[in-house]
Each structure stands twice: as structure tokens, then as C-alpha cells.
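Hello,

Here is the structure we spoke about, with the sequence alongside. My notes follow below it.

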Amino acid sequence: MAQVQVFNQEGRKTSKLELADSVFGITPNANAMHLAVVSYLANQRQGTQSTLTRSEVSGGGAKPWRQKGTGRARQGSIRSPQWTHGGIALGPKPRKYKVNLNKKVKRLAMKSALSSKVAADEMIVLNKVELEEIKTKAVVEMLGKIKAAKKSLIVTADVDEKIYKSARNIEGVKVVTVSTLSVYDILNCDSFIVLKDAAKKIEEVYA
């Protein structure tokens with residue numbers, strides 16, 4: 001089983017934590033992670049963009065001039081796409097961008113992302129984080145003491161309002177729970193900071 005160092009919020013080593021190889025020690029599957037990231041980004045799109053076609057633009061009911069004899073090109077409507085203020089040809093319409101993945105690929109992608117962070121020595125385990133009050137400065141100091149990178153992801157076992165509200169105003173820092181953890185968030189951070197109880201919960205979910 002892989003072992004990682006456990007730190008306290010002062011940055012001092014306290015113990016070591018054994019991680020299950022079935023979750024944190026597999027050979028990362030790049031294809032599965034790619035599919036998970038593509039799916040995540042596609043599912044963030046609202047797909048509400050919409051343009052007006054020539055049939056939806058107001059006006060243009062009358063033929064602008066007679067068909068022949070004027071010397072100008074024939075025109076049927078002033079709301080044709082080639083006219084200023086005309087309709088849009090082949091423009092975007094509301095649609096769904098959703099990309100579905102089956103459960104096996106999702107689990108493989110998550111395990112691959114977790115294993116890649118352990119292999120790259122970018123995973124930092126904290127025994128616990130205790131904040132007396134909601135204070136951004138306290139989280140900034142903690143991140144400095146554990147030598148976290150600017151882009152950091154903090155994973156808690158459950159919703160912790162103090163940690164979340166204290167860190168949400170720090171550029172590059174994001175706080176998530178085990179239930180909302182995504183492959184994209186893991187791969188997008190340089191420091192993967194996991195609370196000890198959250199690490200155990202991840203093992204329970206994905207083992």
C-alpha cells in the first residue's frame with residue numbers, strides 16, 4: 001500500500017497514512033481521464049444561445065422592388081441573410097451539449113486522477129483543519145505553512161462552512177467535498193490537499 005505523509009495545519013509532520021492501491025495506486029488511464037474532462041466541460045455549457053432566422057426577424061413581408069427591369073439583383077425580402085438587419089443563416093440554436101459516461105469509465109477516471117496525484121507527489125494530507133472563525137488570512141497562512149501551490153484544491157469529507165467561506169476569496173484555491181469531487185478539479189490543481197477523514201471516505205466510495 002502507498003504511504004503518504006500526514007501534516008497538521010502548522011505544516012509539521014504528524015504521522016503517515018496508508019492508502020489503498022486499488023484507489024490511489026493504479027496505473028493512470030489517460031484516455032479515461034480525457035473522456036471525463038471532456039464530459040465535465042461539455043456539461044458546464046448551458047446551450048441557451050439563439051439567433052433569429054429570416055422567418056423570425058420582424059419585417060420583410062413585401063418584396064423590396066420588382067423582379068425585373070431595375071438593373072439590381074433580384075430580392076425577395078429585406079430580411080434575407082445578406083441584408084443588414086436580416087436573419088442569420090445557420091446560426092446557433094438552443095441545444096444540449098451533455099456527454100454521458102458509463103459508471104466504469106467514471107470510476108476508472110477518478111482512480112486514475114487520484115493515482116496520478118500520488119505518483120507526482122502533489123497530494124498533501126492534513127490530519128484536520130480547525131478555524132476559530134471565518135477568516136481568509138488563516139487559510140492563506142495554512143497554505144503557506146504546508147507549502148501549497150497557487151492552484152490548490154482542498155477536499156473535505158463533508159461541507160465545512162468555515163473552510164469554504166475562508167478560502168473562496170483566495171485566487172486559485174477551491175474547496176470541494178468528497179461527493180462533489182471531479183476529475184477535472186483534481187487534474188486542474190497543482191496541490192491536491194485532502195483532509196485525513198476525506199481520504200478515508202474517498203477510499204470507501206471508490207474501493
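Which lysines gather in a patch of positive charge on the surface? They are Lys 96, Lys 98, Lys 103 and Lys 106. Of these, Lys 98 sits in the loop that runs between α2 (30-43) and α3 (103-119). Lys 98 counts as exposed because its relative accessible area is 57%, and the cut-off for exposed is over 50%.

Please keep in mind that this is a predicted model. The mean pLDDT over the chain is 94, and 100% of the residues reach at least 70. Confidence is lowest in strand β1 (residues 2-7), where the mean is 87. It is highest in α2, with a mean of 97.

Next, the salt bridges. A search of the whole structure gives seven. I describe some of them here.

Glu 122 and Lys 117 are joined through their side chains, with an N to O distance of 2.7 Å. How accessible are the two partners, Glu 122 and Lys 117? Glu 122 is partly exposed, at 27% relative accessibility. Lys 117 has a relative accessibility of 5% and therefore counts as buried, the limit being under 20%.

Another salt bridge links Lys 128 to Glu 130, and here the closest N and O atoms are 3.4 Å apart. Lys 128 is partly exposed, with a relative accessible area of 45%. Glu 130 has 53% and is exposed.

A further one pairs Lys 165 with Glu 161, whose closest N and O atoms are separated by 3.6 Å. Both residues belong to helix α5 (residues 161-167). They are four residues apart there, which is about one turn of the helix. Lys 165 and Glu 161 are each partly exposed: the relative accessible area is 33% for Lys 165 and 41% for Glu 161.

Last, a note on the stretch around α2. Pro 28 is placed in the loop between α1 (21-24) and α2. Pro 28 is partly exposed, at a relative accessible area of 37%.

Regards

Note on methods
Residues are numbered from 1 along each chain as its sequence is written. This is a predicted model: local features need pLDDT of at least 70, side-chain atom pairs count only at pLDDT 80 or more; totals for chains, interfaces and linings use all residues. Side-chain values use heavy atoms; hydrogens and water are left out. Patches are made of residues with over 30% relative accessible area and no salt bridge: like charges are joined within 9 Å, nonpolar side chains (Val, Leu, Ile, Met, Phe, Trp, Tyr) within 5 Å. Accessible areas come from the Shrake-Rupley method with a 1.4 Å probe; for residues, only the protein chains shown count as cover. A salt bridge is a side-chain nitrogen of Lys or Arg within 4 Å of a carboxyl oxygen of Asp or Glu. Lys and Arg count as positive and Asp and Glu as negative; His and the chain ends are not counted. The place of a charge is taken as NZ of Lys, CZ of Arg, CG of Asp or CD of Glu. Helices (H or I, at least four residues) and strands (E, at least two) are DSSP runs, numbered from the N terminus. Buried means under 20% relative accessible area, exposed over 50%, partly exposed in between (1.4 Å probe, protein chains only). pLDDT is the predictor's confidence in each residue, from 0 to 100.
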